[in-house]
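Have your viewer ready, and let's walk through two spots together. At each stop you'll get something to select and a short note on what is there.

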Amino acid sequence: MIQTIRGFRDILPEDIVIWQAIEKTASKLFEDFGFKEIRIPIMEKTELFARSIGETTDIVEKEMYTFPDRKGDKLTLRPEATASVVRAYIQHNMGASDSVQKLYTIGPMFRRERPQKGRYRQFYQINAEVFGIESPYIDAQLILILNELFKRLGLSELKAHINSLGCKECRPTFQKELLGFLEGKKEHLCENCLRRMDKNPLRTLDCKVPECREALKDAPSTLNHLCDKCKDHFEIVKNVLTEQNVEFTVDKTLVRGLDYYSRTTFEILTTALGAQSAVAGGGRYDALIKELGGPETYGIGFAIGFDRLAEIVAQMINGEDVEVKDGSSTTSEFNSESDFMNLLSPKVPDIFIIPLGEKAIRLAYMWTSALNIAGIRTETDYSGRSLKSLMKRADKLNAANVLIAGDKEIEDNALVLRNMKTKEQFFITTDNPVEQIETLLNRV
Ligand code: ATP
Ligand code: MG
């Protein structure tokens, strides 16, 4: 039997309910905040990712699915969305129609890493990108949006970790000091860090190797080297978040995996998924648009790990205590009356038509189709099985009503509609049953 390839998986109908509810909640939220959806291709020229994500990142060094197409062009399955959204922004000269663009996109990403819980080779992200705003208010607003999304999903206590990486003015002096520090720790650093020292020393700060973490715990922090503009920027972000009651921790080790970030970076962490702690991450990338051949434009965005988010939501719905970093718990805040919970309620048939006899099956098919077209969720059965066995099937499907249509009922022109919960019964004539049912179900 042919099975899925390693790290790729099916998301089955019973799980999709959560995915759809998250997607609807996220789209609604983005639209509430004035974002528009953009859809970008799954595949791009390799060069786009190599140039934007950075040659020394894990993604570009070892995680990309890259292959030549039949003409030899190097193509890559997208490992993240920002590069493509920036490419689209430049290619379609989007800044010309409106200097501010707020975009979101949802879809699969591909990274060839070791699969485990919360880590797949095809995974999904919910992305938001904002172009053309320098102000720190937009940095705060993106974190507010993440916070609000988690709230609307019933996960009210997730805490943001934030940091500032400085800009091209203040980073060089910091890098010099960091390099000096790293030189003194060389014998404690892993091979990767030694390599990063040459190419992008900042990235040593988020090395996950325990010995490196220990060696780097007193490393200089970007926060002590920010220029006045970066300092003011970060202060406003923190003040605004505090005023809006968005909880955050300043985390000087948060430099994130991608090269293109500057100033504000942020991540949302959880302990619900074992080793995979990041649910979302993002930051400012003011230099990226120009770097990719566009005009000088401010940019900032985030990516949410959809698979991880869906897993956390599933755990919460199953009543597991979802603990997030910093010891806060989310289950107590869970509001079962929320819009999100309504989206999760299972879609059961409004009506199950039970046809008894050949003639009845044909009519049941016609009525079912007409009811489906009218937007009333209706099922029937073509097997010719007995009343008893079809009642069992209606029960199994959790149908709200059954419509019994035996040859006798049809002859008497009196079909029986039974509410399965209240056991109330109504008679329906065979001419135009759709209208009568719409009236009975209050659908008109
Ligand atoms: P990690 O440190 O877990 O590898 P990352 O820094 O590589 O994460 P980003 O590039 O910031 O991740 O992507 C944003 C989000 O996408 C992450 O916070 C995470 O939730 C999710 N994500 C990243 N890689 C995977 C993966 N292989 N499988 C599932 N989700 C992922
Ligand atoms: Mg990664």
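Start by selecting threonine 222: leaving aside neighbours within four places in sequence, this residue is in contact (heavy atoms within 4.5 Å) with Asn163, Ser164, Leu165, Phe174 and Leu202. Before going on, note that this is a predicted model, where local features need pLDDT of at least 70, side-chain atom pairs count only at pLDDT 80 or more, and totals for chains, interfaces and linings use all residues. Residues are numbered from 1 along each chain as its sequence is written, chains are lettered from A and ligands numbered from 1 in the order in which they are written, and side-chain values use heavy atoms, with hydrogens and water left out.

Is threonine 222 buried or exposed? Threonine 222 is buried, at a relative accessible area of 3% (buried means under 20%, exposed over 50%, partly exposed in between, with a 1.4 Å probe and protein chains only). Now show the side chain of threonine 222, which reaches the backbone oxygen of serine 164 at 2.7 Å. To see the setting, display the loop between α9 (210-215) and α10 (228-243), where threonine 222 is found (helices are DSSP runs of H or I with at least four residues, strands are runs of E with at least two, numbered from the N terminus).

Next, select the open sheet, whose 3 strands run in the order β2-β4-β3 with antiparallel pairing (two strands pair if DSSP finds at least two bridges between them). β2 (43-45) and β3 (65-68) stand at the edges with a single partner strand each, so one side of each lacks a neighbour in the sheet.

Finally, zoom in on β3 and β4 (residues 74-77), which pair over 4 bridges in the antiparallel sense. Pick phenylalanine 67 here: its bridge partner in β4 is leucine 75.

Terms used:
A polar contact is a pair of N or O atoms within 3.5 Å; within protein, one must be able to donate a hydrogen and the other to accept it, and residues adjacent in sequence count only if both atoms are side-chain atoms.
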